[in-house]
Structures are given as C-alpha cells and as structure tokens.
Amino acid sequence: MADYFDEMGWKPLGEGETPNQLLHIARLFRDFGMFEELGEHLKLPPPTSRKIIETLPNSVINRRDAQCPVCLKQFDQEEEAKLLPCKHEFHSPCIIPWLEKTSTCPLCRHELPTDDETHEEYKQQKKREKAREEEIDNLHNSMFS
C-alpha cells in the first residue's frame, strides 16, 4: 500500500522551498465546500488542448440515417466527420468551435485533455477522491459483510 504522500501525489519541499500558502487556502475552501457555495463547480471546463483538436481523427460516414448532433443535418454518404474519443461523430465546422470553448463532448460530456494545468489537477484530485471512496467502501464491505 502506498504511503499518504504518494497516494495524494505530493512530494516533499525541495531545498529552500517554502509552502504555497494559496494552495493551503484552496484546500481549506475545498474542505469546507466553499467552491460549491461560490458556484465554481458550475463553470464550463476550459478549452480543449490545441494539440488534441489538431489530432482528432476523421471517420468516413457509411450509414444513411446519420446526422451531425450539433447542426442536425444529415451526413452525406462517404462524408468525412471528426471522431471524438467517445466515438461520437460531428461535422468538422460544427465541433471545432465547440472544442475551442470547452473540453467536453456535447452529447455525453466525455472530458478531453486541456492545456489548463489547474483544471487538469482538479480532474486528477476528483479521480483520486472517487478512488479513495471506493477503497473505503470496499474495506467497509469486506469488514462488515
């Protein structure tokens, strides 16, 4: 089992380094639910990483009844569409402006990587919290069932 600092993704301070006081304030806000009070959790995610947008694969539409979920126009037979990692297909002129504003699929809200380090750190923290809750539930269930 990993120690507490490895589990939380923290590393000790280097030579001459001082603690980041803003980080302590942010943790205090998080622990007391202040971000929810301020509505920070309601903000749209930041734009998708430019590298991800540029490397989105194209797919050829072979279905007759397929339509772009953004503009609701039918895809032409053998037309190329942008394919997101969640396997949803869109016209390129429809999805690119969307991804330049937010980093989620418009249909399923699958999150794509961003260039915003703070948001990426927030996603990692949420993932660690969820994993930790599952570990606690598993431990509780193994002890009391």
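**View 1. F29 in helix α2 of a predicted model.** F29 sits in helix α2; helices (H or I, at least four residues) and strands (E, at least two) are DSSP runs, numbered from the N terminus. F29 has 32% relative accessibility and therefore counts as partly exposed. Buried means under 20% relative accessible area, exposed over 50%, partly exposed in between (1.4 Å probe, protein chains only). The model is predicted: local features need pLDDT of at least 70, side-chain atom pairs count only at pLDDT 80 or more, and totals for chains, interfaces and linings use all residues. Residues are numbered from 1 along each chain as its sequence is written, and side-chain values use heavy atoms, without hydrogens and water.

**View 2. The nonpolar surface patch.** L22, I25, L28, F29, F32, M34 and L38 make a nonpolar patch of about 710 Å². Such patches join nonpolar side chains (Val, Leu, Ile, Met, Phe, Trp, Tyr) within 5 Å, from residues with over 30% relative accessible area and no salt bridge. A salt bridge is a side-chain nitrogen of Lys or Arg within 4 Å of a carboxyl oxygen of Asp or Glu. Areas are Shrake-Rupley values with a 1.4 Å probe; for residues, only the protein chains shown count as cover. Helices α2 (21-31) and α3 (34-38) each supply at least two patch residues. The largest share, four residues, is from α2.

**View 3. The open antiparallel sheet.** Three strands run in the order β1-β2-β3, with antiparallel pairing. β1 (58-60) and β3 (89-90) are the edges, each pairing on one side only. Pairing requires at least two DSSP bridges between two strands. β2 (80-83) and β3 share two bridges. L83 has E89 of β3 as its bridge partner.

Methods: Patches are made of residues with over 30% relative accessible area and no salt bridge: like charges are joined within 9 Å, nonpolar side chains (Val, Leu, Ile, Met, Phe, Trp, Tyr) within 5 Å.
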